[in-house]
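Please keep the sequence and the coordinates at hand while reading.

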Amino acid sequence: MGTLRQPRIVIIGAGVSGIASAITLQRNGFHDFVILEKGSDVGGVWHWNRYPGLTCDVPSQLYQFGFAPKPDWSHIFAPGPEIQGYLADVAEQHGLRSHLRVNAEVVAATFTGSQWQLETGDGNSYTADFVIAATGVLHHPAVPEIPGLSEFTGDIVHTARWDDGLETAGKKIAVLGTGSTGVQVVSALQPQAERITHFVRSPQWVIWAPMWLPQPAFVGAVLNRLPKVNRALYQAGMTGARLFTDVVTRPSWRRRAVQEYARLSLRTQVLEPGLREQLTPDYEPLCKRQVLSGTYYRALRARNAELVTTAIEAVTPTGIRTADGRHHEVDTIVLATGFRAHDYMRPMNLVGRDGISIDDAWAKGPRAYRMTAIPGFPNLFTVLGPHSPTGSIPLHHAAEVTARYITRWIQRWSAGEFDTVEVTEEATDRFESEVAAAMGPTVWNTGCNSWYFTEGGSIDLLPFDRATMESMLAEPDPGDFDFRSCASGTAH
Ligand code: NAP
């Protein structure tokens with residue numbers, strides 16, 4: 001066996017998937033990598049999102065890396081800053097800082113035939129044998145096109161770009177959007193606002209959950225001392241999470257039970273028939289990304305709060321005019337209007353083999369083989385890319401499994417088996433067809449409109465369980481890929 005080659009690797013993004021990728025590379029002996037991060041620090045969504053009330057509605061003991069357990073979370077559902085701190089600590093403890101370039105947005109990435117050439121907005125360039133695009137799903141804020149929005153004279157803020165200096169206490173606040181973010185921000189701003197008006201285009205089912213529950217300090221202390229017990233707890237959580245995957249992917253009495261609980265959450269917390277009717281969605285619970293909250297309905301029923309379901313007609317310099325002709329005076333507009341979730345690597349100028357741009361390759365929407373490989377883009381892999389299990393499987397785990405899969409390809413490159421590897425169109429079509437077929441019985445497909453849908457009308461999620469995801473990413477399947485060796489110029 002010859003000497004192993006050391007690849008140069010660029011990881012784009014220092015969020016959950018970028019960190020998982022970097023540490024997985026290190027653990028497999030690959031140290032020549034750089035992490036290019038557009039923001040000023042690590043954390044991805046947990047760096048960018050700082051809105052009041054930001055809390056993760058996934059239990060913290062599951063919302064962590066398997067290789068970096070944190071036994072001592074402050075809450076069962078951790079607040080955003082604590083998660084950001086956790087990710088920064090993991091990066092620190094694993095020596096990632098020296099690999100990290102912050103404020104370095106990749107503006108162009110071009111495949112030159114044997115390697116990748118990348119340019120960052122700060123004027124630097126990088127050459128790589130492999131690119132790992134860990135650019136995130138919920139990254140680009142969606143700003144609605146509402147007439148007059150730019151003429152508003154008060155403050156406008158999107159939740160994903162919160163202005164820490166924004167004064168909200170004692171103000172008349174309008175919140176637009178009722179996803180997980182809108183519900184959290186309304187709950188957090190209502191107590192101090194002079195008046196809060198929640199503009200809701202389509203109500204969401206909101207499952208009652210005690211998001212404020214602390215994790216007792218002694219639990220963290222005990223788990224810290226007993227890592228095996230902590231590991232067993234994590235494994236138990238992963239096993240429990242299977243139930244959630246099952247509920248969303250297959251119709252059963254379990255799904256119906258959770259849906260009934262969602263309806264009960266509304267019935268028991270909102271007793272006023274008119275308000276309850278306004279808050280009742282016209283689609284099945286769980287169809288959109290399920291919202292959890294133990295405070296939202298209470299906040300809405302407060303004396304300084306109002307729910308407005310009449311369509312917004314325009315924003316005026318001093319407020320919002322609805323289709324019924326009413327003018328709502330406000331000081332501040334909070335846009336909890338979500339993300340352009342399917343932009344992935346865009347707007348970077350990503351150009352693959354033979355000059356194919358990602359916009360052309362994805363003209364009908366994002367597609368990738370097993371969530372990670374894109375035809376036309378050799379030696380480039382995505383982590384939490386298209387069809388990732390954002391609505392069903394713990395994300396850190398999905399990122400770790402994908403990073404291990406990518407590392408297996410890099411090991412083969414390192415052993416000299418090929419210079420470039422590219423998934424075939426046929427294998428990608430086959431995977432996309434399998435995904436489309438399996439989408440049938442999922443709850444996401446029961447007649448609602450959500451950010452899960454791409455512009456092409458497909459659902460950008462993984463309709464499989466964890467075991468299936470793990471087995472499809474366990475080992476590379478060479479039959480699904482084309483290989484080239486540059487020295488001999490041969491394809492095989
Ligand atoms: P979202 O779920 O996409 O919700 C966006 C909201 O904005 C929807 O209610 C949408 O209404 C509304 N909207 C969009 N454009 C509008 C317009 N022009 N006029 C009026 N309303 C408009 O976004 P999100 O709440 O930011 O959540 C996105 C995802 O982030 C979540 O699904 C979740 O995966 C993640 N998240 C997680 C947590 C957590 O605790 N783990 C917290 C926050 C977010 P329509 O429904 O009518 O389109």
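Ala109 stands opposite Leu350 in strand E18. Strands here are DSSP runs of E of at least two residues, helices are runs of H or I of at least four, and both are numbered from the N terminus. Two strands count as paired if DSSP finds at least two bridges between them.

E4 and E18 belong to an open sheet of four strands, ordered E6-E5-E4-E18, and the pairing in this sheet is mixed. Strand E6 (125-128) and strand E18 (349-351) are at the edges with a single partner strand each, so one side of each has no neighbour in the sheet. Neighbouring strands of the sheet are turned by 15° against each other on average, direction ignored; the axes behind this angle are lines fitted to C-alpha atoms (for helices over the stretch in contact), and angles run from 0 to 180 degrees between N-to-C directions.

Another pairing involves strand E14 (residues 312-316) and strand E15 (residues 319-322), which run antiparallel and share four bridges. A hairpin of two residues joins E14 to E15, and Ala314 stands opposite Arg321 in E15.

This is a predicted model: local features need pLDDT of at least 70 and side-chain atom pairs count only at pLDDT 80 or more, whereas totals for chains, interfaces and linings use all residues. Residues are numbered from 1 along each chain as its sequence is written, and side-chain values use heavy atoms, with hydrogens and water left out.

The chain is divided into domain 1 (9-42 + 96-140 + 340-491) and domain 2 (149-213 + 223-335), with bounds from an automatic or database domain assignment. The C-alpha centres of the two domains lie 31 Å apart. At the contact between them, 21 residues of domain 1 meet 21 residues of domain 2, where contact means heavy atoms within 4.5 Å.

Next come the nonpolar cores, defined as sets of buried Ala, Val, Leu, Ile, Met, Phe, Trp, Tyr and Cys residues joined through side-chain atoms within 4.5 Å. Buried means under 20% relative accessible area, exposed means over 50%, and partly exposed lies in between (1.4 Å probe, protein chains only). The largest core has 108 residues, of which Ile9, Ile11, Phe65, Leu279, Tyr296 and Phe481 touch the most other members. Helix H11 (residues 395-414) gives the most to this core, with eight residues. Domain 1 and domain 2 both give residues to this core, so it lies between them. Apart from it lies another core, of 26 residues, among them Ile12, Ala109, Met345 and Phe377. Ile11 touches residues including Leu25, Phe33, Ile35 and Ile132, if residues up to four places away in sequence are not counted.

Which cysteines form a disulfide? Cys287 and Cys448 do, with their sulfur atoms 2.1 Å apart; the criterion is a pair of cysteine sulfur atoms within 2.5 Å. The structure holds one disulfide. The pair links distant parts of the chain, 161 residues apart: Cys287 is in the loop between helix H8 (273-278) and strand E12 (291-292), and Cys448 is in the loop between helix H12 (425-439) and helix H13 (466-472). The torsion about the S-S bond is about -90°, so the disulfide is left-handed. Cys287 is buried at 0% relative accessibility, and Cys448 is buried at 11%. Cys56 is buried at 4%, whereas Cys486 is partly exposed at 37%.
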